[in-house]
Amino acid sequence: EKTLTHPEGCIEVTEEVWRAALSINANCYENGIFINRDFRPTSEILKDTKEKTILRLNQKATDLIRNGFYSEIINLNNFFFQCEETDQINLKTALLVSSTTGEEQSIKVSRDDGKTYSWAVFTYDQLISIVSDMNKHITKILKEVSTLKTSVNGATTVDQIKLVVKDYLQLEE
């Protein structure tokens, strides 16, 4: 009859605890719980975290820009405009055409926060106002992200990086 013994330093755990450890790909047991610890040098972890955070900030900025913007157009109500790259190009093209020909131009707009869209005709002066609001929308987001990226690049710990971007990226504690 054989007696099973655990190698020195090993602990006995239930099947449930073992499955939970496997589900998070645990590689360390600390203070009575299994965790997934990054064993790379701190400098490598910091560099990697900075790079990944900058990528996430860039993606968030792109998403916020694409979400669209409001413009209170001269002599008209507040309109919501899409702001994908194609929408930006179309809007600037309409402004250019109107400035050259003097003709009014049609642009896709929403009067209900982007739920439904229709085409509306705008004058040159109205198009200038819309493009100006679009540029303000884009610039505001890019400035915010630029400031955050500067702080991320200046951070000396992963915790500092998380603190800098916590609200902007809506990170959990």
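Me: Which ring does the charged end of Lys108 sit over?
Reply: In this predicted model, the charged end of Lys108 is placed over the ring of Tyr117, 5.7 Å from its centre.

Me: And what does Lys60 lie over?
Reply: Lys60 lies over the face of Tyr168, at 5.9 Å from the ring centre.

Me: OK, switching to ring pairs. How many aromatic pairs are there?
Reply: The structure holds 5 of them. One is Tyr70 with Phe80: their ring centres are 5.0 Å apart and the planes are at 65 degrees, so this pair is edge-to-face. Tyr70 belongs to strand E3 (residues 69-72) and Phe80 to strand E4, 10 residues apart, so the pair links distant parts of the chain.

Me: Is Tyr70 buried, exposed or partly exposed? And what about Phe80, buried or exposed?
Reply: Tyr70 counts as partly exposed because its relative accessibility is 42%. Phe80 has 10%, so it counts as buried.

Me: Which residue pairs with Phe79?
Reply: Phe122, also edge-to-face, with 5.8 Å centre to centre and 85 degrees between the planes. Phe79 sits in strand E4 and Phe122 in strand E6, 43 residues apart. Both Phe79 and Phe122 are buried. Ring pairs also join Phe69, Phe79, Phe81 and Phe122 into a cluster.

Me: Nice. Now the largest nonpolar core: how many residues has it?
Reply: It has 31 residues, and those with the most contacts inside it include Phe81, Phe122 and Ile130. Helix H4 (124-154) is among the elements giving two or more residues, and H4 gives the most, with 9.

Me: What does Ile130 touch, leaving out residues up to four places away in sequence?
Reply: Phe69, Ser71, Ile73, Phe81, Leu91 and Phe122.

Conventions
Residues are numbered from 1 along each chain as its sequence is written. This is a predicted model: local features need pLDDT of at least 70, side-chain atom pairs count only at pLDDT 80 or more; totals for chains, interfaces and linings use all residues. Side-chain values use heavy atoms; hydrogens and water are left out. A nonpolar core is a set of buried Ala, Val, Leu, Ile, Met, Phe, Trp, Tyr and Cys residues joined through side-chain atoms within 4.5 Å. Buried means under 20% relative accessible area, exposed over 50%, partly exposed in between (1.4 Å probe, protein chains only). Helices (H or I, at least four residues) and strands (E, at least two) are DSSP runs, numbered from the N terminus. Contact means heavy atoms within 4.5 Å. Rings of Phe, Tyr and Trp (its six-membered ring) pair if their centres lie within 6.5 Å; planes under 30 degrees apart count as stacked, over 60 as edge-to-face and the rest as tilted. A charge sits over a ring if NZ of Lys or CZ of Arg is within 6 Å of the ring centre and within 35 degrees of the ring normal.
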